[in-house]
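Please keep the structure in view while reading.

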Amino acid sequence: RKSLVRDLYCVETLARVDTLCLDKTGTITEGTMQVDELVPFEGVTQQEMDAALNGLVSNLQDGNPTFQAIQERYPQPSPWRAGTLVPFSSARKKSAVAFDDGTVLVLGAPSFVMEGELPVPVRQRMEAAAGEGLRVLLLARAKGVLEGESISAPLEVLGLCCLSDVIRENAADTLAYFRRQGVTVKVISGDDPRTVAHIARRVGLEGWENAVDATTLGEGAALAEAAERYTIFGRVTPAQKRELVEAMKAARHSVAMTGDGVNDIPALKAADCSIAMAGGSDAAKNAAQLTLMNADFAAMPVIVGEGRRVINNITRAASLFLVKTLYSFLLSVLMLFLPLAYPFQPVQLTLISSLTVGIPSFFLALEPNQERVRGSFLETVLRRALPGAVAVAVCSALAMASGQVFGLTMDVDNTIACLVTALVGLLVLLRVCVPLNPARGALLAVMTAGLVCGVTLAGKVFFLVPLQGTAVWITLGLCVLALGLMLLVEGLMKRVEKQREVSKAMG
C-alpha cells in the first residue's frame with residue numbers, strides 16, 4: 001500500500017481513532033495550486049502587477065505550492081535584483097523583497113500584509129474571491145527600507161492574486177469512508193476559513209459550514225469549546241495546531257493528525273497517531289509514526305481497516321483462549337482445597353478446546369472487521385471470558401461433588417463436566433460471534449455439529465459414557481446453572497463498569 005509504519009503500535013492507535021485532523025493541502029487537495037486570476041486595483045496596470053510578481057518570484061526561493069504556482073505563471077527570470085529577502089513562513093504568512101532601487105514588495109495573506117483595517121475595495125474583492133473557494137494573496141508595494149519584517153514607508157496595494165487548489169480525485173470517497181466509520185474529520189489549515197470551507201463542501205465533508213478563523217479564538221476553556229464545536233479551522237498558527245490537538249485529547253478523543261511541514265511537528269507529536277506525507281519535510285517524516293510514501297491519503301481506509309481487523313479479531317480469539325486458561329486455573333486452585341478429582345481427561349479437553357477455541361479462533365482471525373476499536377484490550381477480553389470461566393469452574397466442581405453424593409462413577413462425572421463445559425464453550429463462542437452474520441452463523445453451526453458428533457459417535461475415543469437417570473437430570477440442572485452464572489457474572493461486571501464510568505464523570 002506504499003505506507004511506511006515507523007512505530008508498529010500506531011496501527012492499533014489508528015484503529016481506535018475517533019477524531020482525524022487534516023491539513024487541507026496534501027490530503028483533500030493534491031498540494032498543487034494554479035493561478036486563476038490577477039486583480040489589479042485602481043491606478044495599477046496588469047503589466048505593473050505582472051512585473052512585480054515576476055520580480056518577486058525570481059528572487060525568492062520559497063518552495064511552497066503557492067509560490068510554485070506563481071512561478072509557473074512567470075517562467076522567465078526578471079531583470080530586477082533584490083538586496084534583502086524575507087522568505088515566507090507559516091507564522092508571518094507573508095514574504096517580502098527589497099530591491100536595489102528602494103522598492104519593497106510584500107506578498108501574503110491580506111490581513112498579515114496590511115496590518116490593521118483593510119481598504120474597503122480590497123476587503124470586498126477579497127471576500128468575494130474567498131466565497132468562491134479561492135486562496136487570496138495581497139500584493140503591496142512601498143518605497144523605503146526593509147529591516148527584518150518592518151518597512152520604513154507605508155504600503156500601497158497593487159492587487160490581489162487569486163489561486164485555487166487542485167482537489168484529489170478520491171478525496172470525497174476517503175472522507176465518506178471515515179464518516180461511515182464514525183470518525184469525526186476536522187480540517188486545520190493556515191488558509192482563510194472560507195476558502196477551506198468551500199473546498200470541504202465540494203468534497204462532501206460533514207459540518208463544513210462550521211468554520212472559524214483561529215485568530216479570533218481565545219485560550220483555555222474557549223479553545224477547548226471551539227475544538228468541539230467547529231469542523232473547519234482557518235488561519236491556524238503552528239502553536240494553535242498543537243493546542244487544538246491537546247484540547248481534543250483532553251476531551252477524551254483519540255486524535256490522529258496529518259502534516260507535511262516543519263510547522264506541523266508540534267501537533268504531530270501531541271497527537272495520539274501522527275501521519276506524514278512523503279512529499280513533506282524530512283523532519284515531519286521523522287517525527288511521524290506513519291508515512292504515506294506516495295502522499296496519497298486514499299490509502300488511509302485500507303490502513304485503518306487492517307488495524308481494526310487485526311485488533312478486533314485478536315480480541316475475539318483471545319477471549320476464547322482466555323476462557324480455558326481461567327477455568328483451568330480456577331479448577332486447579334479448587335482441587336487443591338476440595339477432596340475432588342480433576343474433572344477432565346486430557347483427550348476430553350482436546351475435543352472441547354479444538355471445537356470451541358482452536359478452530360473458531362482461526363477462522364475469526366481471518367474475517368474482515370471494520371468496527372472501531374473501543375476500550376482496553378485486557379478489560380474487553382476479561383469481560384467476555386470471565387463469565388464462562390466462572391460457570392465452567394463452579395459447574396465442573398459441582399459435577400464431581402454430585403458424583404460422590406449420588407454414587408456415580410468417575411467416568412460419568414467426567415462426562416457430565418465435559419458436556420457442561422462444551423455448552424459453556426458454545427455460549428462463549430456465540431457471545432463472541434454476535435452480531436451474527438452468515439459466515440459466523442455457519443461457523444457456530446459447524447462447531448455445534450462437531451461437538452454433537454464427537455459426543456455421540458466418537459464417545460469412546462474421548463472417554464465419554466452414556467448418561468442415564470440421575471446423571472441426565474444433574475447434567476440438565478448444571479447446564480441451567482451455568483447459563484444463570486454467566487448472566488449473573490456478566491451483569492455484575494456491567495454494573496461495576498457503569499459505576500466506574502459515573503465516578504470518572506464526577507471526578
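Is M506 buried or exposed? M506 is exposed, because its relative accessible area is 72%, and exposed means over 50%, buried under 20% and partly exposed in between, with a 1.4 Å probe and protein chains only. The structure is a predicted model in which local features need pLDDT of at least 70 and side-chain atom pairs count only at pLDDT 80 or more, while totals for chains, interfaces and linings use all residues. Residues are numbered from 1 along each chain as its sequence is written, and side-chain values use heavy atoms, with hydrogens and water left out.

**Surface**

- M506 belongs to helix α17; helices (H or I, at least four residues) and strands (E, at least two) are DSSP runs, numbered from the N terminus.
- M506 and L326 are 180 residues apart in sequence, and their C-alpha atoms are 34 Å apart in space.
- A nonpolar surface patch of about 620 Å² is formed by F329, V333, L334, L336, F337 and L338.
- Such patches are made of residues with over 30% relative accessible area and no salt bridge; nonpolar side chains (Val, Leu, Ile, Met, Phe, Trp, Tyr) are joined within 5 Å and like charges within 9 Å.
- Accessible areas come from the Shrake-Rupley method with a 1.4 Å probe, and for residues only the protein chains shown count as cover.
- One member of the patch, L336, is located in helix α12 and is exposed, since its relative accessible area is 69%.

**Pockets**

- On a 1 Å grid over the protein atoms alone, a pocket is an open set of points with protein on both sides within 12 Å along at least five of seven lines, whereas a cavity is a set where a 1.4 Å probe fits but cannot get out; lining residues have an atom within 4 Å of a point.
- Grid points are joined across faces, edges and corners, and a volume is the space filled by probe spheres set on the points.
- The largest pocket holds about 840 Å³ of space. Its lining has 39 residues, and N64, P65, F88, S90 and R135 are the closest to its centre.
- At least two lining residues of the largest pocket come from each of α2 (46–59), α3 (65–73), β6 (103–108) and β7 (135–143), and α3 gives the most, with 4 residues.
- The lining of the largest pocket comprises 14 nonpolar, 15 polar and 10 charged residues. Here Ala, Val, Leu, Ile, Met, Phe, Trp, Tyr, Cys and Pro count as nonpolar, Asp, Glu, Lys and Arg as charged, and the others, Gly among them, as polar.
- The second largest pocket has a volume of about 600 Å³, and 26 residues line it, with R374, G375, S376, T380 and R383 nearest its centre.
- Helices α12 (300–337), α14 (377–406), α15 (410–433) and α17 (470–506) each supply at least two lining residues of the second largest pocket; the largest share, 5 residues, is from α14.
- The lining of the second largest pocket contains 6 nonpolar, 6 polar and 14 charged residues.

**Cavities**

- The whole structure has 4 cavities of 30 Å³ or more, and the volume of the largest cavity is about 90 Å³.
- The largest cavity is lined by 13 residues, of which L320, V323, T356, V357 and G425 are the closest to its centre.
- Helices α12, α13 (346–366) and α15 each contribute at least two residues to the lining of the largest cavity.
- The lining of the largest cavity divides into 8 nonpolar, 4 polar and 1 charged.

**Salt bridges**

- Side chains of opposite charge can pair when their charged atoms come close.
- A search of the whole structure finds 19 salt bridges, each being a side-chain nitrogen of Lys or Arg within 4 Å of a carboxyl oxygen of Asp or Glu.
- K241 pairs with D23 in a salt bridge, with the closest N and O atoms 3.8 Å apart. This pair links distant parts of the chain, 218 residues apart: K241 is in helix α9 (residues 238–250), and D23 is in the loop between β2 (19–22) and β3 (29–40).
- K241 is buried, with a relative accessible area of 3%, and D23 is buried, with 10%.
- A network of salt bridges links D23, K241 and D264.
- K285 and D282 form a salt bridge whose closest N and O atoms are 3.4 Å apart. Both residues lie in helix α11 (residues 282–287), 3 residues apart, about one turn of the helix.
- K285 is buried, at 18% relative accessible area, whereas D282 is exposed, at 53%.
- K494 forms a salt bridge with E490, with 3.9 Å between the closest N and O atoms; both lie in helix α17, 4 residues apart, about one turn of the helix.
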